[in-house]
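Here is a set of questions and answers on one model. Each answer sets a value against its definition and concludes.

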Amino acid sequence: MRHESPVLTPSAVRSAPSFDGILAAAEAIRPVLPPTPAWSYPVLDARIGSHIVVKHENVQPIGAFKVRGGVTLAAARTPDERRGIVTVSTGNHAQSMAFAGRSAGVPVTIVMPTSAPANKVQAVRALGGTVVLEGRTMAESAQHAVALAERKGLFFLNPGNEPAIIHGHGTVYLELLRDHPEIETLYVPVGSGSGAAGAVMVRDAIAPHVRVVGVQAAGAPAAYRSWASGRIESAPSDTFASGLATGTGFAVPQSILRGGLDDFLLVTEGELRDALRIMASDAHTLCEGAGVAGLAGAIADTRRPGVVGFACTGGNADADEIRALSG
Ligand SMILES: Cc1ncc(COP(=O)(O)O)c(C=O)c1O
């Protein structure tokens, strides 16, 4: 289905994302967020049949890589944005903006879908963010967020299309590919595509031999369909991996992913659940659904990947994800 979301298109994009922007973001986040560790696990390597480097974004202060985007944006904020930001999120971007807003003294309101995991809503409130639960999908919540920002005269932050956010997320892959030149295939979870767009720009600049493969849930394939058709598409959001479920493609990351991704895989709910269990047993790591999409993609890929890199992008497992570990 073709669908141009009126609120998630890049009308307010200030400048195109760039590798220089990622380098600047790495400087901006350094005082707040130290580099995360990357480890390998012989049991995991043996099970998958490839050497695997796991970048642990689950140890970030909010339990997910998204904090890099929020801290980058807060560092680059304009006087107008300092009065208050309204944004939209299924959970981890919400925590990121609440964390960054608190440390920068910027009030942040986050519109979240009514289906957002309770643990994430609670965490955002604990970080001092104002949560408004409106809309069944992220696209519906975004419409509420835009209207709210207009009513209050505040800046609406479009989480997928904002260059500062993409630059911040790209720093994950700057650290990973700089420290691990042995990686041959990088599997990147895709929701809005901001992290994957950052990965492509880093790869192009410092590791052009690396294949970058996007991974999304088959039940929530908006970014996949947008990438495949070359247009912004909407799609159902039917997955427990809430970070992968955006309901619509985002134009700015799509413009980078289109020619930049070497492949784009869809994984099933069962494959994501298997990957959750494998990360818990082989890598001593509690992940959330979106956080294991990279591993699920590596396992599902029919091409020989060589040395694999992926980030456990988030560890904010909700009660269902924790239950999946025993099933
Ligand atoms: C843990 C986690 N992984 C991956 C993603 C997808 O990231 P992006 O929206 O940058 O594609 C998200 C998005 O919220 C997330 O929370």
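Q: Why is strand β7 (residues 185–189) called largely enclosed by the rest of the structure?
A: This is a predicted model. A residue counts as buried if 20 or more other C-beta atoms lie within 10 Å of its own. Five of the five residues of β7 are buried, so the strand is largely enclosed.

Q: How do you know which residues cover each face of β7?
A: Thr185, Tyr187 and Pro189 lie on one side. Leu186 and Val188 lie on the other. Residues on both sides are buried, so both faces are covered.

Q: What makes β7 and strand β8 (residues 211–217) a pair?
A: Pairing needs at least two bridges. Five bridges join β7 to β8, so the two strands pair. They run parallel. Val188 has Gly214 of β8 as its bridge partner.

Q: What makes β7 and strand β10 (residues 308–312) a pair?
A: Three bridges join them, against the at least two required, so they pair. These strands also run parallel. In β10, Val308 stands opposite Thr185.

Q: Why is the unit of β7, α9 and β8 called right-handed?
A: The test is the path from the first strand over the helix to the second, with the strands pointing away from the viewer. Clockwise means right-handed. β7, α9 and β8 make a right-handed β-α-β unit, so by this test their path runs clockwise.

Q: What makes up the shell around the ligand?
A: The ligand is surrounded by 21 residues. The closest are Asn92, Gly191, Gly243, Thr313 and Gly314. Two elements give two or more residues to this shell: α5 (92–104) and α9 (194–206). α9 gives the most, with three residues.

Q: How do you know which classes of residue form that shell?
A: The shell has 13 polar, six nonpolar and two charged residues.

Q: How do you know which domains the shell draws on?
A: Domain 1 (19–66 + 163–324) and domain 2 (67–157) each give at least three residues to the shell.

Q: What makes up the contact between domain 1 and domain 2?
A: Contact means C-beta atoms within 7 Å. By that cut-off, 30 residues of domain 1 are in contact with 24 residues of domain 2. On the domain 1 side, α1 (19–29) and α8 (163–179) each supply at least two residues. α8 gives the most, with seven. By class, this side has 13 nonpolar, 15 polar and two charged residues.

Notes:
Residues numbered from 1 in each chain as written. Predicted model: local features only at pLDDT ≥ 70, side-chain atom pairs only at ≥ 80, totals over all residues. Near = placed C-beta within 6 Å. Helix = DSSP H or I, 4+ residues; strand = E, 2+ residues; numbered from the N terminus. Nonpolar A, V, L, I, M, F, W, Y, C, P; charged D, E, K, R; others polar. Domains from an automatic or database assignment. Buried ≥ 20, exposed ≤ 12 C-beta atoms within 10 Å, placed from the backbone. Contact = placed C-beta atoms within 7 Å.
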